[in-house]
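Below is a set of questions and answers on one protein model. The sequence and structure come before them.

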Amino acid sequence: MRGPEAIINLSHLKTNYDTVKNHLNGKRIMAVVKANGYGHGSIPCSIALENHGCDFFGVFSIEEGIELRNAGLKSDILVFSALDPTTINDAVKNNLILNISDKSHLDALIIFYKRKSKVPRIHIKVDTGMTRLGLEIDEFKEVLQLLIENPEIKCEGIYSHFATADEGDLSYAFEQEKKFKFILNLADQLDYQVNDIHFSNSGAALNIDQSYCNITRVGMLLYGALPSNEIQTSLFVQPVMNFVAPIVSIRSVAKNTYVSYGGVYKTNSKTNIAVIQCGFADGLPRSWFKNGYIYYNGKQYRIAGRICMDQFMVDFGDDIPKIDDKVLIIGRDGNNEIRFETIANSIQTTPYVLSTAIGGRTQRIYHG
Ligand SMILES: Cc1ncc(COP(=O)(O)O)c(C=O)c1O
């Protein structure tokens with residue numbers, strides 16, 4: 001099918017994994033592959049990483065976890081979403097680790113155990129300042145007490161999530177860390193031992209010491225982008241995705257010709273305008289048109305006018321590109337690079353929003 005392609009370089013994914021793992025002095029990594037591997041395809045990315053030595057994966061929904069199991073993944077899989085009691089049986093069947101982030105979740109497991117004499121594997125999530133999912137300190141004590149009274153339910157891990165670890169000012173992250181350490185101390189005082197302690201995301205992996213954790217959860221860095229432009233690091237990760245699309249039409253237009261919706265782009269001389277078959281329905285952010293550009297045959301050309309739902313236009317000046325040739329929209333071609341971070345900074349969004357949006361009619365093609 002003619003249309004956008006996301007060419008996923010699995011060798012870069014594996015190199016990024018090695019880079020981050022070395023940076024973490026060999027600490028175990030939980031590769032975060034939720035939201036279809038941040039738009040890169042969760043199954044091929046997970047299988048490539050598992051074959052490369054990664055043995056822990058983080059997904060958001062139980063369905064994402066089941067999809068990975070059905071694809072043959074053997075590693076540990078943690079489901080981040082709030083526990084839905086109707087999915088406990090599926091979690092047991094598929095060896096997925098669920099998330100206790102509310103006392104009612106543990107109550108549901110106790111009831112399930114009474115009926116079925118089995119329980120899924122669990123980690124406890126504590127809230128240290130994200131104010132999303134997670135137990136508060138008093139609730140944590142209560143849950144731990146209940147776990148001690150119900151030893152058939154064994155908690156394997158305790159974790160939390162940073163809200164600001166990718167920012168220049170880390171003072172709030174350090175407050176969160178203090179709270180997390182306090183919670184770990186409480187578990188120690190109650191003599192409740194767990195194997196796995198994890199707190200960090202990509203930002204914290206770069207910014208914050210985590211010697212008291214044995215696992216680091218890493219998403220964005222594996223896909224080759226920095227989580228925010230406030231991060232100062234010398235760590236180099238390579239973009240995993242090249243997002244390209246074909247030229248489907250080319251025409252010569254006169255000076256002062258309006259291009260695309262709203263007529264916000266007017267040619268300033270006689271020029272060649274090409275139509276590229278990729279639009280915001282495929283994940284190309286509409287607002288990128290203001291400063292946006294593509295690469296074709298090693299040269300940079302401006303996006304001309306507003307990106308449409310299925311197509312956008314490029315001003316090629318005096319050059320005449322070939323129909324069906326592809327232009328580079330995101331990624332790298334030789335020395336030419338358009339990073340997720342560059343677009344994110346230009347349109348005030350984040351690489352997370354951009355990469356997870358890649359989809360629509362995009363075909364994913366895997367190399368390496
Ligand atoms: C609970 C949790 N852990 C880890 C991550 C990974 O974050 P990052 O992609 O910044 O490494 C996420 C991503 O949003 C998350 O929700």
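Contact here means heavy atoms within 4.5 Å. This is a predicted model, in which local features need pLDDT of at least 70 and side-chain atom pairs count only at pLDDT 80 or more, while totals for chains, interfaces and linings use all residues. Residues are numbered from 1 along each chain as its sequence is written, and side-chain values use heavy atoms, with hydrogens and water left out.

Q: Among contacts between residues at least 6 apart in sequence, what percentage join residues at least 24 apart?
A: The protein chain has eleven helices and 19 strands; helices (H or I, at least four residues) and strands (E, at least two) are DSSP runs, numbered from the N terminus. Its C-alpha atoms fill a box of roughly 80 × 40 × 35 Å along the principal axes. Of the contacts between residues at least 6 apart, the share joining residues at least 24 apart is 68%.

Q: What distance separates the centres of domain 1 and domain 2?
A: Domain bounds come from an automatic or database domain assignment. That assignment gives domain 1 (10-223) and domain 2 (241-367). Taken over C-alpha atoms, their centres are separated by 38 Å.

Q: Which residues of domain 1 lose the most area to domain 2?
A: Buried area is the accessible area (1.4 Å probe) that two parts lose on being put together, summed over both. Domain 1 and domain 2 bury about 920 Å² between them, with 60% of it on carbon and sulfur atoms. Three residues together account for 49% of what the domain 1 side buries: Gly-39, His-40 and Met-220.

Q: How many residue pairs are in polar contact across the interface of domain 1 and domain 2?
A: A salt bridge is a side-chain nitrogen of Lys or Arg within 4 Å of a carboxyl oxygen of Asp or Glu, and the count of these between domain 1 and domain 2 is zero. A polar contact is a pair of N or O atoms within 3.5 Å; within protein, one must be able to donate a hydrogen and the other to accept it, and residues adjacent in sequence count only if both atoms are side-chain atoms. Across this interface, with both residues at pLDDT 80 or more, the number of pairs in polar contact is four.

Q: Which element gives the most residues to the side of domain 1 that touches domain 2?
A: Eleven residues of domain 1 are in contact with nine residues of domain 2. On the domain 1 side, the elements that give two or more residues are α1 (10-23) and α2 (34-38). The one that gives the most, with three residues, is α2.

Q: Is Asn-99 buried or exposed?
A: Asn-99 is in strand β5. Buried means under 20% relative accessible area, exposed over 50%, and partly exposed in between (1.4 Å probe, protein chains only). Because its relative accessibility is 0%, Asn-99 counts as buried.

Q: Which side chain is joined to that of Asn-99 by a polar contact of 2.7 Å?
A: Leaving aside neighbours within four places in sequence, the contacts of Asn-99 include Val-79, His-123 and Leu-133. A polar atom of the Asn-99 side chain lies 2.6 Å from the backbone oxygen of Phe-80. The 2.7 Å contact between side chains joins Asn-99 to Tyr-159.

Q: How far apart in sequence are the parts tied together by Arg-2 and Asp-324?
A: The side chains of Arg-2 and Asp-324 meet in a salt bridge of 2.8 Å, N to O. Arg-2 lies in the segment before β1 (5-9) and Asp-324 in the loop between β16 (312-315) and β17 (326-333), so the pair ties together parts that are apart in sequence by 322 residues.

Q: Is Asp-76 buried or exposed?
A: Asp-76 forms a salt bridge with Arg-121, the closest N and O atoms being 3.0 Å apart. Arg-121 is partly exposed, with a relative accessible area of 22%. Asp-76 has a relative accessible area of 18% and is therefore buried.

Q: Which helix holds both Asp-107 and Lys-103?
A: Asp-107 and Lys-103 form a salt bridge, with the closest N and O atoms 3.0 Å apart. The two residues are four apart, about one turn of the helix, and both lie in α6 (residues 103-116).
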